[in-house]
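Please read them with the structure open.

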Amino acid sequence: MTLRAVVKAGGSAGVDRDAVADLVADIARSDEIVLVHGASAETDKLAAALGQPKETVISPSGHESRRTDRRTLEIFAMAALGVENFLYVEKLQQRGIDAVGLSGLSGRLLVARKKDVRSVRDGKTILLRDDYTGKVEAVNLPLLTQFIGAGRVPVIAPLALSTEQQALNVDGDRVAAAIAVAIDADALIILTRVPGLLRDKDDPRTLVAETTIAEAESLALGRMQVKILAAREALDGGVDEVVIRSASGDPSVRTVIRS
């Protein structure tokens with residue numbers, strides 16, 4: 001029986017691309033898989049090299065995120081398409097997998113709604129009208145399924161097209177969840193720097209091996225909160241389970257989340 005899975009490879013520093021490629025190639029030889037990747041670390045490096053300082057947005061609820069004006073969006077696209085997507089396609093080809101590099105802009109693969117981004121500055125909340133971030137609302141399933149098959153893997157950068165035909169930066173974890181729901185995946189696998197969900201974020205010995213989405217939401221802190229949100233969206237959409245684990249290391253050391 002052929003299984004379907006979506007793998008999300010984190011874009012932060014410390015995620016081993018070769019380990020990701022090994023895992024994806026191993027699955028792709030017998031099952032159907034989609035790879036979604038991030039590009040945060042490469043974006044930071046490229047922005048610094050181009051003299052574009054990173055700006056942080058603090059939402060009214062206290063959540064911190066990258067400020068994405070048009071220039072930052074273009075730099076993100078350079079990092080996502082020119083480095084991460086390029087390298088993953090190359091590494092998978094080297095492992096005998098027919099990888100196809102895509103972004104959500106390709107053929108309107110991902111259509112998103114532009115977010116109304118609000119930021120707290122000097123105690124005041126303002127609307128950032130020139131922020132280019134969004135949330136995926138539609139996946140072009142007929143197009144995507146053309147690239148899914150044994151030995152073939154679509155490699156997707158988290159960019160989308162808005163309903164106003166503008167490019168947007170979209171969260172990679174939530175993109176992976178949306179795609180997992182669209183293709184009726186059996187699992188969503190989120191690869192990151194940490195071994196999984198931890199009760200104490202500074203102590204890997206406190207790994208939660210198996211949990212419900214409710215417990216995961218109560219434990220998640222920082223960037224892990226977005227991963228758990230993506231997990232909820234995947235599970236609510238019919239995906240059987242979500243696995244969060246390190247990109248390298250023992251695959252049995254992980255967190256498995258079910259509804």
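1. Which residues does Val 117 touch, not counting residues up to four places away in sequence? The model is a predicted one, and in it the list reads Val 57, Ile 126, Leu 127, Leu 128, Asp 131 and Thr 133. Val 117 sits in the loop between β6 and β7 (118-121). Its relative accessible area is 13%. Buried means under 20%, so Val 117 is buried. Ser 59 is 58 residues away from Val 117 in sequence, yet the two C-alpha atoms are 7.8 Å apart in space.

2. Now the chain as a whole. It has seven helices and 16 strands. The radius of gyration is 18 Å. A compact globule of 259 residues would have a value near 18 Å, so the chain agrees with that expectation. The C-alpha atoms fill a box of roughly 55 × 40 × 35 Å along the principal axes.

3. Burial and surface come next. Of the 259 residues, 50% are buried. The accessible surface is about 11,900 Å². Carbon and sulfur atoms account for 49% of that surface. Take the contacts between residues at least 6 apart in sequence: 72% of them join residues at least 24 apart.

4. On charge, the chain carries 33 positive and 36 negative side chains. The centres of the two sets are 4 Å apart.

5. Strand β12 (residues 167-170) deserves a look. Ala 167 and Asn 169 point one way from the strand. Leu 168 and Val 170 point the other way. All four are buried.

6. What are the partners of β12, and in which sense do they run? Strand β9 (residues 133-139) pairs with β12 in the parallel sense, over two bridges. On that side, Gly 134 stands opposite Val 170. Strand β11 (residues 159-162) runs antiparallel to β12, and three bridges join them. Here Ala 160 stands opposite Leu 168.

7. β11 and β12 form a hairpin with four residues between the strands. Within this hairpin, Gln 165 takes a positive phi near 65 degrees. Most residues other than glycine have a negative phi.

8. Arg 108 is not a glycine, but its phi is positive, about 55 degrees. Arg 108 is placed in the loop between β5 (98-103) and β6 (110-114). Its relative accessibility is 39%, so Arg 108 counts as partly exposed. Asp 184 also has a positive phi, near 55 degrees. Asp 184 belongs to the loop between α5 (172-182) and β13. With a relative accessible area of 57%, Asp 184 is exposed.

9. Where does Gly 10 lie? Gly 10 is in the loop between β1 (4-9) and α1 (17-28). A relative accessible area of 11% makes Gly 10 buried. Not counting residues up to four places away in sequence, Gly 10 touches Val 15, Gly 38 and Leu 191. Gly 10 and Ser 40 are 30 residues apart in sequence, and their C-alpha atoms are 8.3 Å apart.

10. Is Thr 192 buried or exposed? Thr 192 has 10% relative accessibility, so it counts as buried. This residue is placed in strand β13 (residues 187-192). Setting aside neighbours within four places in sequence, Thr 192 is in contact with Val 15, Lys 227, Ile 244, Arg 245, Ser 246 and Ala 247.

11. Last, Thr 206. Thr 206 is found in the loop between β13 and β14 (210-212). At 19% relative accessibility, Thr 206 counts as buried, because the limit is under 20%. Leaving aside neighbours within four places in sequence, Thr 206 is in contact with Leu 197, Leu 198, Arg 199 and Asp 200.

Note on methods: Residues numbered from 1 in each chain as written. Predicted model: local features only at pLDDT ≥ 70, side-chain atom pairs only at ≥ 80, totals over all residues. Heavy atoms only, no water. Buried < 20%, exposed > 50% of the residue type's maximum accessible area, 1.4 Å probe, protein only. Pairing = 2+ DSSP bridges. Rg over C-alpha atoms; globule rule 2.2 N^0.38 Å. Contact = heavy atoms within 4.5 Å. Areas by Shrake-Rupley, 256 points an atom, 1.4 Å probe, with all protein chains shown as cover. Lys, Arg positive; Asp, Glu negative; His and termini not counted. Charge placed at Lys NZ, Arg CZ, Asp CG, Glu CD.
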